[in-house]
Amino acid sequence: MGIIFIKTSQMNFYELINKRQSDRLYIDKPVSREIIDKCINAARLAPSASNSQPWTFVVVDNVELKNKVGKKTVGVLRSFNKFVPQAPVIIAIVLEKPKLLTELGGRVKKKEFPLIDIGIAAEHICLQAAEEGVASCMLGWFDEQAIKVLLNVPENKSISLLITLGYTPDDYKHRKKIRKEMDKVVRYNSY
Ligand SMILES: Cc1cc2nc3c(=O)[nH]c(=O)nc-3n(C[C@H](O)[C@H](O)[C@H](O)COP(=O)(O)O)c2cc1C
């Protein structure tokens with residue numbers, strides 16, 4: 001039996017995480033700033049190591065600029081990411097310096113805490129978008145240097161991730177999640 005998704009906030013958490021998927025087809029319909037702000041607020045509330053909050057979210061909804069940024073995500077081979085310029089909104093997550101404690105802790109423990117933090121915040125954005133009936137896709141493949149210049153990101157900072165937001169056509173397919181089986185990913189009490 002297929003899963004039926006409701007566009008309002010009556011979804012439970014499991015339905016919401018199933019509803020979120022990487023959407024790669026967008027119609028020409030803007031996303032309101034109210035909804036975008038809700039998504040950014042959801043990210044702002046995400047946990048982070050030592051509460052460092054090592055992020056700035058650059059929202060690109062100016063059509064001309066968004067098209068330029070979108071084009072800088074398209075791969076040469078196999079037209080990878082060619083859907084991105086269709087999306088009405090692209091959010092660039094800029095990695096900020098964490099607190100000194102986190103930086104030192106990360107060095108000692110050999111952990112990239114700020115990147116973990118950004119991953120969590122990014123998923124908050126996508127889940128909030130899904131709750132609003134807005135489609136999203138995280139993007140790790142892009143011309144970072146070119147996009148930094150387009151968005152006036154200082155040279156010494158980096159963009160960790162982009163996220164598209166937008167609306168899919170009514171007949172856009174919801175895919176069943178392809179994931180490793182539970183017994184392949186979980187072990188209790190011993191590796
Ligand atoms: C860090 C990261 C980078 C990703 N980069 C891209 C990308 O550049 N282009 C793309 O189409 N999808 C990208 N994805 C989406 C993944 O392909 C997708 O999450 C995965 O296949 C699972 O599918 P689902 O998101 O629909 O559940 C990325 C996802 C993550 C978490």
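**View 1. Thr 56 and its partner in strand 2.** Thr 56 has Val 94 of strand 2 as its bridge partner. Strands are DSSP runs of E with at least two residues, and helices are runs of H or I with at least four residues, both numbered from the N terminus. This is a predicted model: local features need pLDDT of at least 70, side-chain atom pairs count only at pLDDT 80 or more, and totals for chains, interfaces and linings use all residues. Residues are numbered from 1 along each chain as its sequence is written, and side-chain values use heavy atoms, with hydrogens and water left out. Strand 1 and strand 2 (residues 89-95) run antiparallel, joined by 6 bridges.

View 2. Two strands pair if DSSP finds at least two bridges between them.

View 3. Strand 3 and strand 4 (residues 158-166) run antiparallel and share 5 bridges. Ala 135 has Gly 166 of strand 4 as its bridge partner. Of the 5 residues of strand 3 (residues 135-139), 4 are buried, so the strand is largely enclosed by the rest of the structure. Buried means under 20% relative accessible area, exposed over 50%, and partly exposed in between (1.4 Å probe, protein chains only).

**View 4. The ligand and its shell.** The ligand is surrounded by 16 residues; the closest are Ser 22, Arg 24, Asn 81, Arg 175 and Arg 179. A residue is near if one of its heavy atoms lies within 4 Å. Strand 3 gives the most to this shell, with 3 residues.

**View 5. Polar atoms at the ligand.** A polar side-chain atom of Asn 81 sits 2.7 Å from a ligand nitrogen atom. For Arg 179, a polar side-chain atom is 2.7 Å from a ligand oxygen atom. A polar backbone atom of Trp 141 lies 3.2 Å from an oxygen atom of the ligand. The protein covers 64% of the 620 Å² of accessible area that the ligand has on its own. Accessible areas come from the Shrake-Rupley method with a 1.4 Å probe; for residues, only the protein chains shown count as cover.

Definitions and conventions:
A polar contact is a pair of N or O atoms within 3.5 Å; within protein, one must be able to donate a hydrogen and the other to accept it, and residues adjacent in sequence count only if both atoms are side-chain atoms.
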